[in-house]
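Hi,

Here's the structure I promised to pass on. Have a look at it first, then read my notes below.

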Amino acid sequence: MVISAVAVAAALAVVVGVLAFSGTLGSSSPGASVIVVGRNPLMGQPAPDFTLQTIDGQTISLSSLRGRPVIVNFWASWCVPCQQEFPLLVSAYQKYSGDGLQILGVIYNDGPQTATDFARSYGATWPLLQDPDQTAWKAFKNSLVPVSYYIDRDGTVRAVSYGPPPSGYLDDEINQIL
């Protein structure tokens, strides 16, 4: 198995961030309880636009959804954390779609039929986008799945989550973009 340097760096940043947040690492000075190791460079920036085809053959561009809150979720059916995350996204979509929330599921390194069967087994009804040339994947500078980008109505990335979100996190991030 080959692991890229970017994936190792991302994993290390998550571990250090968790340790810092939990108080295991950090300064001994008063008031220092969190160390910011790094953040996704897209935070606070316009989301990269892309145009991809859905499993059903429709064409969707991210920019066509300007004015709506959007979650762009990169996932794969073979990804165990994606299997844990999907029910949470389905529930959130049911809860917030009336507020205009749109989810775009960008399939990473997976077959169209396998991905469709997987998503439908969880009740996902949002567009499933094929990214065969990894155009969107590269534009968002991804290194692992699942990863979700929370994009506000103006097209700005307000939050990024790696892996299934912890309890309450998904609602908090969605509320930032509604």
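Below is what turned up, starting with the core and ending with the aromatic rings. Keep in mind that this is a predicted model.

In general, nonpolar side chains in soluble globular proteins tend to be buried together. Here the largest nonpolar core has 48 residues, and Phe50, Val72, Phe74 and Tyr149 have the most contacts inside it. The element that gives the most to this core is helix H2 (residues 80-96), with seven residues.

**The disulfide**

A disulfide is a covalent bond between the sulfur atoms of two cysteines. The count here is one: Cys79 pairs with Cys82, with 2.5 Å between the sulfur atoms. Both Cys79 and Cys82 are buried. The torsion about their S-S bond is about 80 degrees, so this disulfide is right-handed.

**Two helices, each with a buried face**

Start with helix H3 (residues 112-121), where Ala115, Thr116, Phe118 and Ala119 are buried. Looking down the axis of H3, you'd find these buried residues within an arc of 165 degrees, so they line one face of the helix. Gln113 and Ser121, on the other side of H3, are exposed. The cover over the buried residues of H3 includes H2 along with strands E3 (70-75), E4 (102-107) and E5 (128-130). Just past the end of H3, Gly123 has a positive phi of about 85 degrees.

Now for helix H5 (residues 169-177): its buried residues are Leu170, Glu173, Ile174 and Ile177. They fall within an arc of 100 degrees seen down the axis of H5, so they too line one face of their helix. Their packing partners are E3, H2, strand E6 (147-151) and strand E7 (157-162).

**The aromatic rings**

How many aromatic pairs are there? The count comes to 13. One of them is Phe74 with Tyr149, an edge-to-face pair with 6.1 Å from centre to centre and 85 degrees between the planes. Phe74 sits in strand E3 and Tyr149 in strand E6, so this pair ties together parts that are 75 residues apart in sequence.

Phe118 counts as buried at 10% relative accessibility, while Tyr122, at 29%, counts as partly exposed.

Cheers

Notes
Residues numbered from 1 in each chain as written. Predicted model: local features only at pLDDT ≥ 70, side-chain atom pairs only at ≥ 80, totals over all residues. Heavy atoms only, no water. Core = buried A, V, L, I, M, F, W, Y, C linked by side-chain atoms within 4.5 Å. Buried < 20%, exposed > 50% of the residue type's maximum accessible area, 1.4 Å probe, protein only. Helix = DSSP H or I, 4+ residues; strand = E, 2+ residues; numbered from the N terminus. Disulfide = S-S within 2.5 Å. Arc of directions from axis to C-beta. Contact = heavy atoms within 4.5 Å. Phe/Tyr/Trp six-rings, centres within 6.5 Å; stacked < 30°, edge-to-face > 60°.
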